[in-house]
Each structure stands twice: as structure tokens, then as C-alpha cells.
Amino acid sequence: MKFRTILRHIREGTKNIIRNGWMSFASLSSIVISLFILGVFLLLALNVNNLANQIESQVEVKVYLQLGVEQSKVEELHNAIANMPEVRSVKFVSKAEGLELLRVSLGEDGKDLLEGFDETNNPLPDSFTVEVIEPQTISFVANKIKAINEADPTVPITNVKYGQGTVETLFKFTTAVRNIGLIIVAGLALTAMFLISNTIKVTILARRREIAIMKLVGATNHFIRWPFFIEGALIGLLGSAVTTAILLVLYQQLVQITQFELGLMMIKLVTIEDAGWLISGVLIAIGTLIGIWGSTISVRKYLKV
Amino acid sequence: MIEMQDIWKTYANGTHALRGVSVIIEKNEFVYLVGPSGAGKSTFMKLIYREEVPTKGQISVNGFNIGKLKPRKIPFVRRNIGVIFQDFRLLPKFTAYENVAFAMEVIETPRRLIKKRTMEVLELVGLKGKHNSLPAQLSGGEQQRVGIARAIVNNPAVIIADEPTGNLDPETSWGIMNLLEEINFRGTTIVMATHNRDIVNKLRKRVIAIEDGIIARDEARGEYGYEI
């Protein structure tokens, strides 16, 4: 194929969008609508996933120490835990800090309960708060810490806790939520593909006579196919770009409203920066590929004249 | 130029469209193809531009053995044959210019040459100034002129015209015939199927009559010979 023919195909593909104005409009609308719905659910799934991550990342291992241990022993244990590859951070919580935290978390109810306790008679032990990199590894890490104690009884651990039972249920729940989100998004993606490629097929059906005429004039199949290919790609690209723009603008508004005006600091939405790349990447890729796929498949059918 | 040897064509439904047709059409001839509807005229022409393949027999056009042609070679043979239809078969969303230029783009002609030649041919068929009109904005006669311009723009060796005046009034038809005759004078072989008795009898050319799938008559300066 000569270079001028490539240029010709690009020119022709672009012209065809205008020539078949209403048909292009129909294809574009079907792309925008299907991808918009897909995009909304994709954002939803992203946020659900993000929420699940936030909840999961709050799990931690508490390592309680014996009372009155030497500082060197404590440091030794601290380093041993911090050196585990699964561990993100180890924080030493002194008994005084522990009491303060307990006061804060119990609030009004704890006033009576904790009254009378001060530095001199603090009943709480010193402890470590261990955060892990992958929340799912928490029980593994907890057992590993226990194992240190079992192997060497001089290690000053009294107890290792991570909320057995509760944590497992939480993980089951977040995994289920994630999977449901994934299934919905995948189902919608398939539906969108089907809808879009069907619309494109119908618009090309209207042009099968055109294809037959081109063949009579001596056009090769390649020659006929290329402009359709470019037309499909352009419509797909245009449609998905428009959809992405609309979605991201709306999402930006939503983030604004929830985070700043309503002050819903508890529910932290995925930021537009994080969501933007994924959303535009997925939508534009699907849109363009479907545009190309739909038009190429349909043309191929009518080329067998 | 066109040579058929004992051509048989049987369609899938069992219709025998042609039953042993042998004919030689020389370069630069002008041939009328006449005969009743369904006698095999259209099949005869479709075999020439390889829309159909013969069930039996040999056919060669311009030195190509059309019957044995591989599918991907078909476009290249068609580029040497201009085809004109009763229903014009123009690309509806393309302007007159674009319809004609398309035939040149197919053979990867430089754009500059396409422009020059297309305008030249449109002027030749009498459509100067109408190059930006869509087929729907043109009259039947004008649309057929676009069809003819498209057929001749690449200087084909043969023009196949399937009832080119079938949809046109007598006056417009004569305009089209004058144009075809001029193209013939310039050296192009023309095979034209027609039901137009007036044209065949007044503009005398070789007449091949096909009836029931066989050549019933072949006269050098023949008459239409059928009652309407």
C-alpha cells in the first residue's frame, strides 16, 4: 500500500463519519450511553474496593509485653518483629500511652471506670502495635510472633492478639463485595460491547450496497476495509473520550460535594487523580477496540460479494 | 478482446442461463446484446466482469482467463473493464466527483492526477460544474453520465453496459448513446445489453441475440428484431 493511499484511507474514514451523519450519531450515542453506565459502575466498584481496603488496613496485631521488662529485651523484640518481610511498621505503646488511648476510646463511659488510675497504679502492660503490608497476612504474622515466644521463653511476650474470628469474617465480606463488583463490571462491559457492535453492524448493513459497488469498480477488499476500520476507530475513540470527560467532570463534582461541603471525612472517595487514569484507560480502550471490531467484522461479512 | 468457448452457466436453483455460447468480440467493436428478459443477457455480461463464473467452458477477456481467476485477482481484472448499469449504481453519499475519483483511487493514482483526469472526464460526459452534486441531486440522465464517467475514467479496454438507457427518456437516451459512440470511436470495446428497439435500429451496430441461453442471431449490422 502506497503512502498516499494510507492518507486517502484516513481522509475517507473521517469523511465517512460526516457522510453518514445520522448513522455515526447512532453509533456514537450507543457508545456514550453504554460506556457511561459501565463507567458509573466502574467508579462504584473502585470506591467499594477502596473502602474495603481502608477497612482491611485497619486491622493490626497487638503484642502485649510482660510488666517491668528491661529496655534491651524490648528493643530486641521490636527489631525481630520489624525485620519480618510482611510487617509495615511496629509501634511501641508504653503503658502510659495505652491508658491515654483507652481513655480516648472509651470516652464518657470510661470516665467512671478509669477514674483513680494514674502513672503509679496503671494496670496496663507495655505493648507493640504491628501493622502489616498485606492485611490478609495478619494471622500469619500473629502466629509468627507467637512462635518467637514459644521458641524462646525469655522473650517478654504475654499475649498476641489480632481479633481472631472477626478479622476472618471481615475479609470474607470484603472479598465477596469485591467479587460482586468485578462480576457486575465485567457483565456490563460485555453488554456494552454487544450493544455497541450491534449498532455498528446495523449502520454498516445499510451500506452493503455501497460495498458491492466498490467491488464492481475493482477495489480490493483491503481498500474497502481500511476506511471502515478508521471510521470505527475514530467513532469509538470520540465516543469514549466524550464519555470519559463527562464521567470525570461529574465525579469531580461528587468528590467536591462529599469531601468538602458535606464533610463526609469518614467515607473517603477515590481521588479523581487515582480514578482518572483507570477510567479513561478502560473506557477509551474498550470504546476504540469495539469501534474497530464492530466495523471490521461487519464489513468482512459484506465483502464476500 | 472477449472470447467465449462453449460457455454453460447453470445456477444453483437449476436454471440454465446459458447453454453452449461461443462468441468472439474483437477490439474496438460495438455490440448490442438483445433478446427477451431472462434469456441470458445479464449472465452473459456478468461472466465478462467476473460477477459469475461459467459452469463449463472457457472465457477470456483482454487476455485473462476469467473462469480460472483466483478471487484476489478479480479486482485487478475489473479495473480494465468499465461497467455501466441501468440503475446507475453510484455511491449515494459520494458527490459526482468522488464517485468518479473513487475508481482512480482504487488503482492508487496520485491525487493531482485524479483531480485533473476526473474533471476532464466529467466535462467529457457533459457534467461540467456538477462535480459537487450528490447523485440524488442529479437527474437520471446526469446520474448515468456519472456512471459512464466512472466507467471510462481509467481508460478501460472494454465497457459493459447493462441497459444503460433503460431508466431514461428517449431524448436523454440518445444523449447517452452519442456519448457511448464517442467512447467507442476513441478505441474502447463496448458490449451493451438493451431493449431499446429504436436505438438498435437507428444506430446500426453488430447485434447478438440471445434466446433461451443460446445465440439465436449474430449480425454485423443487425436489427433489433423483436416486437415490443
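Mentor: Let's start with B:R186, which counts as exposed because its relative accessibility is 58% (buried is under 20% relative accessible area, exposed over 50%, partly exposed in between, with a 1.4 Å probe and protein chains only). Keep in mind that this is a predicted model, where local features need pLDDT of at least 70 and side-chain atom pairs count only at pLDDT 80 or more, while totals for chains, interfaces and linings use all residues. Residues are numbered from 1 along each chain as written, chains are lettered from A and ligands numbered from 1 in the order written, and side-chain values use heavy atoms, without hydrogens or water.

Back to B:R186: its side chain meets that of B:E182 in a salt bridge, 3.0 Å from N to O (that is, a side-chain nitrogen of Lys or Arg within 4 Å of a carboxyl oxygen of Asp or Glu). B:E182 has 33% relative accessibility, so that one is partly exposed.

Salt bridges that share partners also tie A:E12, A:K15, A:R19 and B:E98 into one network. Within it, A:R19 pairs with B:E98, with the closest N and O atoms 2.9 Å apart.

Now for pairs inside one chain. A:E231 and A:R207 meet at 2.9 Å, N to O, in a salt bridge. This pair links distant parts of the chain, 24 residues apart: A:E231 is in helix α9, and A:R207 is in the loop between α7 (166-205) and α8 (helices, H or I, at least four residues, and strands, E, at least two, are DSSP runs numbered from the N terminus). Both A:E231 and A:R207 are buried.

Over in chain B, B:E52 bridges to B:K9 with the closest N and O atoms 3.5 Å apart. Here 43 residues separate the partners, with B:E52 in the loop between α1 (41-48) and β4 (56-61) and B:K9 in strand β1 (residues 2-10). B:K9 counts as buried, because its relative accessibility is 7%.
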